[in-house]
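Dear colleague,

Please find below the structure that I am handing over to you, followed by an account of what was found in it. I would be grateful if you read the two side by side.

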Amino acid sequence: MTEAFDAVDVIIAKRDGKRLSADQIDWVVDAYTRGVVAEEQMAALAMAILLNGMDRAEIARWTGAMIASGERLDFSGLSRPTADKHSTGGVGDKITLPLAPLVAACGVAVPQLSGRGLGHTGGTLDKLESIPGWRASLSNAEMLAQLEEVGAVICAAGAGLAPADRKLYALRDVTGTVEAIPLIASSIMSKKIAEGTRALVLDVKVGAGAFMKDLDRARELARTMVELGTDAGVTTVALLTDMSTPLGLTAGNALEVQESLDVLAGGGPADVVELTLALAREMLAAAGKPDVDPTEPLRDGRAMDVWRRMIRAQGGDPDASLPTARESEDVLAPSDGVLARLDALAVGVAAWRLGAGRARKEDLVQAGAGVRLHAKPGDVVRAGQPLLTLYTDTPERFARARDALVEAVHVETSARQVAPPALVLDRIADR
Ligand code: URA
């Protein structure tokens, strides 16, 4: 086959700050997926994109080319509208677990294709796999049937969805090119658009524990993704939410499932409930049901009923006890005062080192490992009280987890009031 372009010319064009043409983009994404464009050539192009950027038309075309590299799912035959949520990843972010059954209980189907954790951020599939018997892999037919019968499905994305992104994401991970906004936006949105949802709510995390450390860059990422979704006919809204401190009081797989069950039972930490309801309202509005109030189904047990059916449909036992770690140790408050800072990244790294996450894709995670918080920023603490409890099956991991936490805690000893950070920082919708 004669190739339409030469990869080196495409790299040089972007290196020199030029726009790539639609044909160049279609070709380079397709040729990379076919193995004609070499890994080192795509690495060079990804770096040129990181340094010189892409305009709206280029990003839209790049996203389209990634979608075209694989299959597209079609939920148009379902009897109810669909809405999905995507979080850019954080520490203690278990929101998908209560959110999917809650929105389903309100009459909107939720096809939630999720991932596993890598690095300090947890993965939804790892969390659910701490439920005995639960299975992450479903065929497209099983997924569709569950969506119709139960209304919510959380499962692994099949290999057929945006295979160009799978290859490119792995390459970016090892070439210092993850943080490029055009590449993050096209990576996330190609999978969401190919998945076939009609409405999408993005939870763009901002702060120490997130990809985007500052609000301006998070806003730019959110705006880029909202434009991509809108251009593809998906009603898309983004909330920018705080990730300077962990969400809720747990980070770790089974610990987070238990906290999600508390929320579904009508309790749970205030910030997890607040964000679950805020995202549910956005999903319902985006799916054409702005008048449905998600508060009641959370309180009266209807969301819990959908959860139980959703877990059972994927082989899990919703009544089985969740695994717990064999060993635990407390981290104590250094002085009397108000907890001013509890760093999300440090807690995420500690949970990861305790065995909740993996260092390589092949590693197994410990279901019971993780961190429990006993105080949040703004709370009064007493010297010597437990601030955190660390859990693991392998106690030799405690020392490195403690190392990660050395600078994580700041207790303000003056009488100054410390306000907890606001949770929802901004909302971005199509103008
Ligand atoms: N999540 C993705 O799927 N892709 C990215 O590039 C970043 C986060």
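Predicted model: local features only at pLDDT ≥ 70, side-chain atom pairs only at ≥ 80, totals over all residues.

Gly-315 sits in the loop that runs between helix H14 (302-313) and strand S7 (327-332). Beyond its neighbours within four places in sequence, Gly-315 is in contact with Pro-132, Gly-133 and Trp-134. For Gly-133, the separation along the chain is 182 residues, whereas the C-alpha atoms of Gly-315 and Gly-133 are 5.3 Å apart.

As to the overall layout, the chain is divided into domain 1 (7-68), domain 2 (84-159 + 166-320) and domain 3 (327-412). Between the C-alpha centres of domain 1 and domain 3 there is a distance of 41 Å.

The nonpolar interior comes next. In soluble globular proteins, nonpolar side chains tend to be buried together. The largest nonpolar core here has 77 residues, and those touching the most other members are Trp-307, Val-371, Leu-388, Leu-390 and Leu-405. Helix H12 (residues 270-286) provides the largest share of this core, with nine residues. Domain 2 (84-159 + 166-320) and domain 3 (327-412) each supply at least three residues to this core. Apart from this core lies another one, of 61 residues, which includes Ile-11, Met-42, Leu-161 and Ile-193.

Val-371 deserves a separate entry. Not counting residues up to four places away in sequence, Val-371 touches Leu-249, Thr-250, Ala-251, Leu-255, Val-347, Ala-350, Ala-351, Leu-354, Leu-388, Thr-389 and Leu-390. Two of these partners, Leu-388 and Leu-390, are also listed with Val-371 among the core residues that touch the most other members.

The model also contains a ligand. Which residues are around the ligand? They are Tyr-169, Arg-172, Ile-184, Ser-187, Ile-188, Lys-191 and Phe-211.

- Arg-172 has a polar side-chain atom 2.9 Å from an oxygen atom of the ligand.
- Ser-187 places a polar side-chain atom 2.6 Å from a nitrogen atom of the ligand.
- Lys-191 has an N or O atom in its side chain at 2.5 Å from an oxygen atom of the ligand.

Several individual positions may also be of interest to you.

Lys-14 belongs to helix H1 (residues 7-15). Is Lys-14 buried or exposed? Lys-14 counts as buried, since its relative accessibility is 2%, and the limit is under 20%. The side chain of Lys-14 reaches the backbone oxygen of Lys-18 at 3.0 Å. Leaving aside neighbours within four places in sequence, the contacts of Lys-14 include Arg-19, Leu-20, Leu-45, Asn-52 and Glu-58.

Asp-26 lies in helix H2 (residues 22-34) and is partly exposed, with a relative accessible area of 27%. Its side chain makes a polar contact of 2.5 Å with the side chain of Arg-61. Residues up to four places away in sequence excluded, Asp-26 touches Arg-61 and Ala-65. Asp-26 and Glu-274 are 42 Å apart in space, C-alpha to C-alpha, and 248 residues apart in sequence.

Ala-162 occupies the loop between strand S3 (152-156) and helix H8 (163-173). Its phi is near 45°, a positive value in a residue other than glycine. Ala-162 is buried, with a relative accessible area of 1%.

Thr-236 is part of strand S5 (residues 235-242), and at a relative accessible area of 4% Thr-236 is buried. Its side chain reaches the backbone oxygen of Val-234 at 2.8 Å. With neighbours within four places in sequence set aside, Thr-236 is in contact with Met-189, Leu-200, Leu-202, Met-225, Val-226, Gly-229, Thr-230, Ala-429 and Asp-430.

Finally, I turn to the cysteines. A disulfide is a covalent bond between the sulfur atoms of two cysteines. How many disulfides does a search of the whole structure find? The search finds zero. Cys-106 counts as buried at 10% relative accessibility, and Cys-155 counts as buried at 0%.

Yours sincerely

How values were computed
Residues numbered from 1 in each chain as written. Heavy atoms only, no water. Disulfide = S-S within 2.5 Å. Buried < 20%, exposed > 50% of the residue type's maximum accessible area, 1.4 Å probe, protein only. Domains from an automatic or database assignment. Core = buried A, V, L, I, M, F, W, Y, C linked by side-chain atoms within 4.5 Å. Helix = DSSP H or I, 4+ residues; strand = E, 2+ residues; numbered from the N terminus. Contact = heavy atoms within 4.5 Å. Near = heavy atom within 4 Å. Polar contact = N/O pair within 3.5 Å; in protein donor to acceptor, adjacent residues only side chain to side chain.
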